[in-house]
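Have the sequence and the structure open while reading.

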Amino acid sequence: MNVETKCGFCGVESKLKCAGCQQVYYCSPEHQKKHWRAKHKQECAKPFELATNEEFGRHLSVTRPIQKDTVLFTENPLVIGPKWNLDEYEQRSVEVPCVGCFADCRMGQFQCAQCHWPACKPDCPG
């Protein structure tokens, strides 16, 4: 069993995740409560806050020391590029999905006016 999937309180195999940070596992709600009071309350709170100033504009500012290699947050990509899951032969094809409607289109023929990715026609509604 992976170390990350062991209970943060007692160390046994666990499947329940902390709903706040999604980083610590627990074997039971009781152990989660005990660990929360003892230690996890400070760890679970976000170690940063949104701040704004003249020099940096809007940015994240730390509110407490952060350990090396700590994952602060994760995000799913907004866009996955054309052909990201094709094999090498298929990637050489000039046919790609339109960024707006996913119809087949020729690479380099038209581009989206906003993002410049391949499009099926100049005025694709997608």
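Predicted model: local features only at pLDDT ≥ 70, side-chain atom pairs only at ≥ 80, totals over all residues.

1. The largest pocket has a volume of about 790 Å³. Its lining is made up of 30 residues.

2. Which residues lie nearest the centre of the largest pocket? They are C21, Q23, E43, T70 and V71.

3. Helix α1, residues 29-44, supplies five residues to the lining of the largest pocket, the largest share. By class, that lining holds 13 nonpolar, nine polar and eight charged residues.

4. Residues lining the second largest pocket include V99, G100, C112, A113, Q114 and C115. A119, K121, P122, D123, C124 and G126 are also in the lining.

5. How many residues of each class line the second largest pocket? Seven are nonpolar, three are polar and two are charged.

6. C115, one of the residues lining the second largest pocket, sits in the loop between β7 (110-111) and β8 (118-119). V99, also part of that lining, is 16 residues from C115 in sequence. In space, the C-alpha atoms of C115 and V99 are 9.1 Å apart.

7. Why does C115 count as partly exposed? The relative accessibility of C115 is 35%, and the partly exposed class lies between the buried limit, under 20%, and the exposed limit, over 50%.

Notes:
Residues numbered from 1 in each chain as written. Heavy atoms only, no water. 1 Å grid on protein atoms, 1.4 Å probe; cavity = no way out; pocket = protein on both sides within 12 Å on 5 of 7 lines; lining within 4 Å. Points joined across faces, edges and corners; volume = space filled by probe spheres on them. Helix = DSSP H or I, 4+ residues; strand = E, 2+ residues; numbered from the N terminus. Nonpolar A, V, L, I, M, F, W, Y, C, P; charged D, E, K, R; others polar. Buried < 20%, exposed > 50% of the residue type's maximum accessible area, 1.4 Å probe, protein only.
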